[in-house]
Structure formats: C-alpha cells, structure tokens
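The briefing below is meant to be read beside the sequence and the coordinates. Please keep both at hand while going through the points, which are grouped by topic.

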2 protein chains.
Amino acid sequence: MGAQSTLGVSFDPATSPIAADHPGVTDLFAVLAYGEISAFYRLAEEAKLSPTLRGKVAVAKMASAEMDHFKTLEAALAERGVEVFDAMAPFVRALDAYHASTDPSTWLESMVKFYVGDGIAADFYGEIAGALSPEVATVVHDVLAETSHSEFVVEEVRRAVSTSRSERDRLTLWGRRLLGEAITQAQYVMAQRDELTDLVLTATGDLNGIAALFERMQTSHAERMAVLGI
Amino acid sequence: MGAQSTLGVSFDPATSPIAADHPGVTDLFAVLAYGEISAFYRLAEEAKLSPTLRGKVAVAKMASAEMDHFKTLEAALAERGVEVFDAMAPFVRALDAYHASTDPSTWLESMVKFYVGDGIAADFYGEIAGALSPEVATVVHDVLAETSHSEFVVEEVRRAVSTSRSERDRLTLWGRRLLGEAITQAQYVMAQRDELTDLVLTATGDLNGIAALFERMQTSHAERMAVLGI
C-alpha cells in the first residue's frame, strides 16, 4: 500500500494522512464550496420543472442543505486565512460548464441528476477524504452528508421507468452523460490546478490510483443507476 | 385595553394570550410556511439579477434561512396533527399574486424588496405574536429571526441612491408599491379565512385595532425606507 506522491514523499496513506497544511487542501475546500453554490442555484432553477409543490419543497430543502455546507467550507477556509470568493474563482468555469452541459429538460432528468450527481461527488470526495488528516476529512465528510435528501427521487424515477421503456432508455443515456461530463470537468480542473492534482495523486497513490478510483466510481455509478431501475 | 373578539370573548391581550388551540393558529403557521417557500424561490430567481457572486451567495444564504423557518413551521403544524401541504393550499394564490405584482426588474429593486418585504412581514406577524400564547409566539418569533441577512442591502442601496436622483425617485415609488401590494394581499387573505381573521382581530382588539396596526406598519416602513436613503 506504500505510495509515491509527486512531491516525492513515500508513505502509507492508511497510517500517514496528508497533512492539513498541504496547499491542495485550500483548493479542495474551494472547489467544494463553489460546487455547493452552483448546486444551490441549479436546484432552485430545476425545481421549476417539478409538477408539484411537494417536489419543489423537497428540492428547496436539498438546496438549503447545500448552503449549510457552503457555510462550513467558508469557515474552514477562513480558519486557513483564505477568503472564500478568491479561492473559488478558479473553479467557476469548470463547474458552470458541467451544469451547462447537463441542463435537464424534464423533471425526471432533473431528479436523476440530483441523485446521480450527489452520488458521484460523494464517491470522489469521500475517497480523497480517506487519505486526509482527520481535521480536514471531517470538513469533507460534513459537507457530503445529508445526501439522503435526494432519496425522494428513487421512488418517482422507478415508477416512471417501470411503465415506459423509452423513458428508461432515455434516462440510461442521460445517466451516462452525467458521469462522463463530471469526469471531463474533473480532469479539466486537475490539468489547471497543480496543488489540487498533487493532493489527489497523493491520496490515490499515483496515476494508476486515479484510474482505479475512476473505475470504482463507474461501478458505484452503475449500482446507483440500478437502484433507479435504469 | 379590554378587547372584544368576534368570538365574543372579552379579555385583555396583555394578560390573556390567545390560546394555542385557537383554530386560526393553524392558518397563521400555514401562511407563514407558504411565505417561506415562495420567498425561497423568489430569492433564488432574483439572485440572477446580482452582478456579483458575492451578492448571489448573500441571497442564497437568505433563501436557505427561509427553508430553516419552513421546517420549523412544518414541525409545528405536524404537532397540531396538520399536514403542511394541505394547510398551505389556501394561501398559494395570494402570496403568488404578491410576488407576481412585485417582480423586480433590477438588482436594486430586488434588494429593496428583500429588505422592505422582510420588515413588513416582521412588523405584521411580530405584532400578532405579541398576543399569542408563549408556545405559539415562540414559533412565530423563531421564523421571523435571522432577518439580519438582508442587512447587506443597506449599504449597496444607500450608495446607489446617493449618486442618482432618478434612481432614488424610482425606488421610492417601488417601496410604496411593495407596502401597498402586501396590504392588498393581506386583506384578500383575511376576507377568505374566517379563523385567521378572528385571530388577527382578537390579537389587535377589533377593526380599529387592525387599522392602527396598519398605521404603525406604515410608520415603520417609512423608517426602513429612510435607512435605505429613499
């Protein structure tokens, strides 16, 4: 399990967590923070597609949870002496591009995006958190929590796809696109941000470790799609 | 200070609070609950007018606080054995009409609406809460709290109106319209909902008491406008 980071420090991630002062941690908090803001506004926008007030309220609760997470990250960055708006700036383009390229046209697509998007983010950041020092990992785990809000979609999506083969086919393609676009944008971010990339490489071991992480994410994604019946 | 309610019960509101089982309390919680939901979506929508990410984040925090308040009201209604969606239904039309008739066309109008709208609601419900039993009043005060989020608008609006006479005139008219529409819709709701109207009459004393309340609200509104420099 020994791993060679690009900084040239050999260690076992299970026993030697990445130090809290690794410069990539600021980037990690910042990309998570802008992720929360962009998710908030996307959720609020996509809730318009909901045919019921009940659906709108469920989405508003999810959006509100994103803002709680944002506040956690804003505070964690402030403790590091970093202003959240400065820190988020480099990630605006990639996250906006992800949302622009996965703009749902129906309430069902929207619901699949809530559920699948939450899952992809939880998989990726959860694995990275596993290699971080406890004080940093706690922040990451806190902001990945409460994804249970998106559970409400499972029943609605399952019902829709069980009665319509074409809907199921359409949503299957949609789900694949969500994962593809997420990985595309993650790679774009890593190509731009050396310190964040170093943190991810250190957390996963090396380039093979990143590839293995993406494979585990694909498996986990397929399992989530199966839960939705697609 | 003795007051005659439409139910024919004479009492002094200062020493005899309105009982928690007054049937108007359910309506009060329900109109507040739908108010939070509609404010949430309006805020999220109007934040698009913000020229900066900083403004968008400030608005997202306000919207998120509305959802916390909604959850408080949902729980308070559940304790009374009332389902929030059923209870909110009678108030959807009036609140949607308020927002439709006060749809801001600029970020400045939006900011004035956040600030002034919060203030109008806090004045009205705060006065009613004063006559309610402590367990009910606590819920109302809780959901009126945290309006400090809208304080961020004061500086921005003051700056804008200090440099533009026409902007000031425009926003002065806008502020008047906000109060006028709020009172129009409040009267519409009271004409429809006997139990809520009885609660408001009981809380304020009588029809003269309501008139006096609306006058105090106008004074308080003028003070808020002065704070904004309009």
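**Briefing on the predicted model**

A:Glu127 is partly exposed, because its relative accessible area is 31%. The model in which this residue sits is a predicted one. The points that follow begin with the salt bridge of that residue, and then turn to other ion pairs, the relation of the chains, a pocket and two further local features.

**A salt bridge within chain A**

- A:Glu127 forms a salt bridge with A:Arg216, and the closest N and O atoms of this pair are 2.6 Å apart.
- Since A:Glu127 belongs to helix α5 (residues 107–129) of chain A and A:Arg216 to helix α10 (residues 207–227) of chain A, the pair ties together parts that are 89 residues apart in sequence.
- A:Arg216, the partner in this salt bridge, is likewise partly exposed, with a relative accessible area of 40%.

**A salt bridge between the chains**

- B:Glu45 and A:Lys48 form a salt bridge in which the closest N and O atoms are 2.9 Å apart.
- The pair joins two chains, because B:Glu45 lies in helix α1 (residues 24–46) of chain B, whereas A:Lys48 lies in the loop between α1 (24–46) and α2 (53–79) of chain A.
- B:Glu45 is partly exposed at a relative accessible area of 31%, and A:Lys48 is also partly exposed, with a value of 45%.
- A network of salt bridges links A:Glu45, A:Lys48, B:Glu45 and B:Lys48.

**A salt bridge within one helix, and the total**

- B:Arg159 forms a salt bridge with B:Glu155, with the closest N and O atoms 3.8 Å apart, which falls inside the cut-off of 4 Å used for such pairs.
- Both B:Arg159 and B:Glu155 lie in helix α7 (residues 152–163) of chain B, where they are 4 residues apart, or about one turn of the helix.
- B:Glu155 is exposed, its relative accessible area being 58%.
- Over all chains, the count of salt bridges comes to 28.

**Relation of the two chains**

**The largest pocket**

- The largest pocket holds about 660 Å³ of space.
- Its lining consists of 27 residues, of which A:Ala44, A:Glu45, B:Ala44, B:Glu45 and B:Lys48 lie nearest the centre of the pocket.
- The elements that give two or more residues to this lining are α1, α2 and α4 (92–101) of chain A, together with α1, α2 (53–79) and α4 (92–101) of chain B.

**Two further features of chain B**

- Helix α5 (residues 107–129) of chain B has 23 residues and should therefore span 33 Å at 1.5 Å a residue, which agrees with the 32 Å between its end C-alpha atoms.
- This helix, α5(B), is mostly covered, with 17 of its 23 residues buried.
- B:Asp194 is placed in helix α9 (residues 194–204) of chain B and is exposed, with a relative accessible area of 62%.
- Although B:Asp194 and B:Asp27 are 167 residues apart in sequence, their C-alpha atoms are 9.8 Å apart in space.

Note on methods
Residues are numbered from 1 along each chain as its sequence is written. Chains are lettered from A and ligands numbered from 1 in the order in which they are written. This is a predicted model: local features need pLDDT of at least 70, side-chain atom pairs count only at pLDDT 80 or more; totals for chains, interfaces and linings use all residues. Side-chain values use heavy atoms; hydrogens and water are left out. The expected span of a helix is 1.5 Å times one less than its number of residues. Buried means under 20% relative accessible area, exposed over 50%, partly exposed in between (1.4 Å probe, protein chains only). A salt bridge is a side-chain nitrogen of Lys or Arg within 4 Å of a carboxyl oxygen of Asp or Glu. On a 1 Å grid over the protein atoms alone, a cavity is a set of points where a 1.4 Å probe fits but cannot get out, and a pocket is an open set with protein on both sides within 12 Å along at least five of seven lines; lining residues have an atom within 4 Å of a point. Grid points are joined across faces, edges and corners, and a volume is the space filled by probe spheres set on the points.
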